Structures are given as structure tokens and as C-alpha cells.
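Subject: Handing over a structure

Hello,

I am passing a structure on to you, and I hope you enjoy looking through it. Please open it first, and then read on for what was found in it.

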Amino acid sequence: MYQPSLTASAGNCIIESDFSQVELCSLAQLAINLLGMHGMADKINRGVDLHCELGAEIDGCTYEDILARCDSDIAAIRDPAKNTRNCAKPVNFGGPGGMQAETMTFYAKQGYGVIRPKAEWVRIIKLWGKTTPEGPEYLRYVKSSYKRN
């Protein structure tokens, strides 16, 4: 996020930008290069919102259903769906680094305002492995590389 205390020098400007799912795009490219796995990249290239995809698994609904609820004009429908989508973010971003349920509980609350018990994060992390197998495979790759060195 842009900090108002920053100023550009004469003749320059500061640009704030947010690239949609850029961290997930980077992981998808690593999955192709290191693991030969293309599923995640294919989904991103088709325009799939990977946070909503995992959110649908968390809620036990279809991907189309959670997308529609996230876009609803009715807060009572939209807000719970967005909260579920926000549950996916800490797992999608923290999972490839090996973040476990206990840390996820804190990270989700601090970073996304999502409060779920530790046992629920254990379940969500397992669902993440189902929807994004590249994530756990990348983590295994990193761990095995570390052990070799």
C-alpha cells in the first residue's frame, strides 16, 4: 500500500499497483519450471479466481455459486462469501512456504480479519492440497532440495 510520507523526486512519480493473484502466478510458473505441473497456470490463464476456487471447497458449494455470492449487491449474501474467499488467501499465500494451522490462525486474523479455530485451518490446508496440488508439491520440492544441501 502506498505510504503518503513517500514523495517522488523532481521529474518522477510514484505508482501504486496491485496485480491480481501475482504471488499465485509466480507459484504457477515455478510449478511449470520445477515440477512440470501446469494445472494451476491453466486455471489462471482461464481467469479462475483461485481464492474463490478454494473458498468454494471450504463452503462446500460450486465455484460459480461463490463467485455469484461475492458479486451480490446484498451484503447478507456477499459478506459471508467474501469472508470465505478471504479464508483462502492465507492458505494460498502461506501454504507454499509451509505455514501450518497454528500460525495460519494468527496470520488470517491479522492479515484478513478472518477468525477460524485451528482445527478448521487444518481442514482448509487439506482442501488447499486438493484444489492446488502444485502448492504442496512445491513445498515437498523445496524441503527435499534443502535436505540435499
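Where does glycine 98 lie? Glycine 98 sits in the loop that runs between α5 and α6, the latter being residues 101-112. Before going further, please keep in mind that this is a predicted model.

**Glycine 98**

With a relative accessible area of 24%, glycine 98 is partly exposed, because that value falls between the 20% limit for buried and the 50% limit for exposed. Lysine 143 is 45 residues away from glycine 98 along the chain, and the C-alpha atoms of the two are separated by 9.4 Å.

**The chain as a whole**

Now for the wider view. The C-alpha trace spans about 50 × 50 × 35 Å along its principal axes. The chain has 149 residues, and 36% of them count as buried. If you look at contacts with a separation of 6 or more, 54% of them are between residues 24 or more positions apart.

As for the surface, the chain exposes about 9100 Å², and 54% of that is supplied by carbon and sulfur atoms. On the charge side, there are 17 positive and 17 negative side chains. The centres of these two sets lie 8 Å apart.

**Helix α4 and cysteine 70**

Take cysteine 70, which lies in helix α4. Cysteine 70 has a relative accessibility of 9% and so counts as buried, because buried means under 20%. Setting aside residues up to four places away in sequence, cysteine 70 touches Cys52, Arg78, Ala81, Lys82 and Arg85. Methionine 40 is 30 residues from cysteine 70 along the chain, and their C-alpha atoms are separated by 22 Å.

Glutamate 53 is in helix α3. Is glutamate 53 buried or exposed? Glutamate 53 is buried, at a relative accessible area of 17%. Apart from residues up to four places away in sequence, glutamate 53 touches Lys43, Val48, Tyr63 and Thr131.

In helix α5 you will find threonine 84. Threonine 84 is buried too, with a relative accessible area of 3%. Which residues is threonine 84 in contact with, leaving aside its neighbours within four places in sequence? The answer is Gly55, Ile58, Asp59, Ile66 and Arg116.

**An aromatic pair**

How many aromatic pairs does a search of the whole structure find? The search turns up one. The pair is formed by tyrosine 107 and tyrosine 112, with 5.8 Å centre to centre and 85° between the planes. The arrangement counts as edge-to-face, because planes over 60 degrees apart are given that name. Tyrosine 107 counts as partly exposed, with 27% relative accessibility. Tyrosine 112 counts as partly exposed as well, at 23% relative accessibility.

Threonine 103 has its place in helix α6. At 44% relative accessibility, threonine 103 counts as partly exposed. Isoleucine 74 is 29 residues from threonine 103 along the chain, and the C-alpha atoms of the two are separated by 33 Å.

Glycine 113 is placed in the loop between α6 and α7 (118-131).

With that, the structure is yours. Happy exploring!

Best wishes

Note on methods
Residues numbered from 1 in each chain as written. Predicted model: local features only at pLDDT ≥ 70, side-chain atom pairs only at ≥ 80, totals over all residues. Heavy atoms only, no water. Phe/Tyr/Trp six-rings, centres within 6.5 Å; stacked < 30°, edge-to-face > 60°. Buried < 20%, exposed > 50% of the residue type's maximum accessible area, 1.4 Å probe, protein only. Contact = heavy atoms within 4.5 Å. Areas by Shrake-Rupley, 256 points an atom, 1.4 Å probe, with all protein chains shown as cover. Lys, Arg positive; Asp, Glu negative; His and termini not counted. Charge placed at Lys NZ, Arg CZ, Asp CG, Glu CD. Helix = DSSP H or I, 4+ residues; strand = E, 2+ residues; numbered from the N terminus.
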